[in-house]
2 protein chains.
Amino acid sequence: MRVLFAGAGALGSRFGYMLFKNGEDVTFVDSWKEHVENITKNGLKVIIDDKDLGNYYIPTYYPEDVSGKYDVIFIATKSMQLRSMLEKVKHLIHEDTKVICILNGLGHVDTLKDFVEEKNILIGVTVWTSGLGGPGVLKAYGSGKTEIKQVKEDNLDETLKLIERLNQAGLNMNYSDNTYQSIWHKAGLNCVLNTYCTLIDCNINQYGSYEKHLDLTRAILNEVTAVGHAEGIDVKQEIIEKNIENCFDPKTAGLHYPSLYQDMKNGRLTEIDYLNGEISRLGKIHNIPTPVCDVITLMIHSKESVNGNK
Amino acid sequence: MRVLFAGAGALGSRFGYMLFKNGEDVTFVDSWKEHVENITKNGLKVIIDDKDLGNYYIPTYYPEDVSGKYDVIFIATKSMQLRSMLEKVKHLIHEDTKVICILNGLGHVDTLKDFVEEKNILIGVTVWTSGLGGPGVLKAYGSGKTEIKQVKEDNLDETLKLIERLNQAGLNMNYSDNTYQSIWHKAGLNCVLNTYCTLIDCNINQYGSYEKHLDLTRAILNEVTAVGHAEGIDVKQEIIEKNIENCFDPKTAGLHYPSLYQDMKNGRLTEIDYLNGEISRLGKIHNIPTPVCDVITLMIHSKESVNGNK
């Protein structure tokens, strides 16, 4: 099975390594020069749970240098790079290429539809985590699982067989009708913790230590829930609230600074347009006021602009 | 004329010095030990426009150590200390004591009414600035003016005579029916610049450099204006917006960090409850939704809490 990873960052390279090690024909494409060069020269160095598992010579190219036909394309970019990556790899998307997208945030199916037939789009949400320890170095911990669903459910048998094959490599994917709900539940959590931690300048435990944190949480989640319901998603706000509270414990995620906080600090653009920004956009479509998500999105963009992030 | 300054901080000590120098019988009360001790021992050291104007032995006490009768009491505390200061000096407020309050922010008249008859309350708004260069040291620049109005306009002649007398010392006070409007216009500006600069972590010029700053500004001012109108104040939003834009120039206020930003950075509690917090409180009374001021107020309080400010 030929599998392309469009984006071989933290999560892409982790899944890619797992499939490669299990004998699949894996190709990476990425635009980060040092990353592509290091993997090509030395192989992908894999460190999992602090154990060095060796170097893996997975073919790695710039997107424009790849041709041919792939059975599966994993999109594993940052949210804001989804469209430009699809532009770069669209010549590789054929009639029967399945495109798997498990990016964080909301609104990706609309973008994917501009490039891929709905029966070939697999949208998902994962709790796998991963990281890079520099260009060419995968550094990850623990394990995870992924919920996935085909946007238009034609030929589902084929898809289920594909998932079975991916799971032989340990990807732990689960075809689920609750996938959209799970995507929204994860996005809802990120709409709250990513933004407030960045603007208040605190970690997740500190956010939870303020006595009125639930008022802050609900100011955003009330909007997420209303917009989600208008979109036909069975968003259960009480579950998101519970998930958020479960992150406060310093023994779990409490001492972490969310990814958006880290992007902001490190001079990168953030994924805000795929979180609160998408709630604002959808709110306008459904005529649902989203004043809090509107102002939070503007503040994050203002902070990016003031910091000169790009 | 016996004048008490309840709070001899930056602005209090500046006005107090002006009146003392002009021969008025001025007393300071303050709770900051080093400040009281330094003024008592060495006099208030006055530096204006970088010129050392000498030391002035203005009698300075802790509030509880003062007794007697004053013609005028200037309240010159931080907004959140207004009530506790009034508690401490209420034995000095007599039937014919005028109480002048020119604190920043909103809601002070309601607090004053609990201690002072309305005909004796003079509420105002000033563009004088001032600072302290350490305990016992006044360090100020330029000049200013103050608009003032009596809450209940009995015996206005007496008040106008009082203002004339204060102006002999250069206080540049102007009795004006537009005072409430001016208070709201100043508060509206502070509701925007104080909060956003603190949460985005930027100076005023940087705030103005974001291309959508007007969207951020209006997210708050729309609420301020609606609530102000419900309170019977002729708030002119376009004037506040113009005043805000006038602060962006680095040659004027652009490079400044607003007072709330500085309080936050320096571990102090902020005046948020007398700015956006008061808009939220009044909004509830008038049944006007104020989601942006609500969430901004919560975020500022969360940041105070996370920082351990007090």
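Arg218(A) and Glu241(A) form a salt bridge, and their closest N and O atoms are 3.0 Å apart. This pair ties together distant parts of the chain. Arg218(A) belongs to helix H8 of chain A. Glu241(A) lies in helix H9 of chain A, which spans residues 237-246. Side chains of opposite charge can pair when their charged atoms come close. Over all chains, the count comes to 37 salt bridges. The model is predicted, and every distance quoted here is computed from it.

Now turn to the sheet. Chain A holds an open sheet of eight strands with mixed pairing. The strand order is E5-E2-E1-E6-E7-E8-E10-E11. Strand E5 (60-61) and strand E11 (173-175) of chain A stand at the edges. Each has a single partner strand, so one side of each is left without a neighbour in the sheet.

Look at the E11 end. Strand E10 of chain A covers residues 146-150. E10(A) and E11(A) pair in the parallel sense, over three bridges.

Next come the two chains together. A rotation of 180° superposes chain A on chain B, with 0.0 Å of shift along the axis and an RMSD of 0.0 Å. The two copies are therefore related as by a two-fold rotation axis. Both copies use the same surface: 100% of the contact residues of chain A recur in chain B.

How many residues of chain A are in contact with chain B? There are 22 residues of chain A, and they touch 22 residues of chain B. The area buried between chain A and chain B is about 2,100 Å². Carbon and sulfur atoms give 74% of that area.

Which helices of chain A give two or more residues to the side that touches chain B? They are helix H6 (179-200), helix H8 (213-230) and helix H12 (291-307). H12(A) gives the most, with 11 residues. By class, the side of chain A that touches chain B has 14 nonpolar, four polar and four charged residues.

What about specific pairs across the interface? Between chain A and chain B the salt bridge count is zero. Two residue pairs are in polar contact across the interface.

Methods
Residues numbered from 1 in each chain as written. Chains lettered and ligands numbered in written order. Predicted model: local features only at pLDDT ≥ 70, side-chain atom pairs only at ≥ 80, totals over all residues. Heavy atoms only, no water. Least-squares fit on C-alpha atoms with pLDDT ≥ 70 in both. Contact = heavy atoms within 4.5 Å. Buried area = accessible area lost by both parts, 1.4 Å probe. Salt bridge = Lys/Arg side-chain N within 4 Å of Asp/Glu carboxyl O. Polar contact = N/O pair within 3.5 Å; in protein donor to acceptor, adjacent residues only side chain to side chain. Helix = DSSP H or I, 4+ residues; strand = E, 2+ residues; numbered from the N terminus. Nonpolar A, V, L, I, M, F, W, Y, C, P; charged D, E, K, R; others polar. Pairing = 2+ DSSP bridges.
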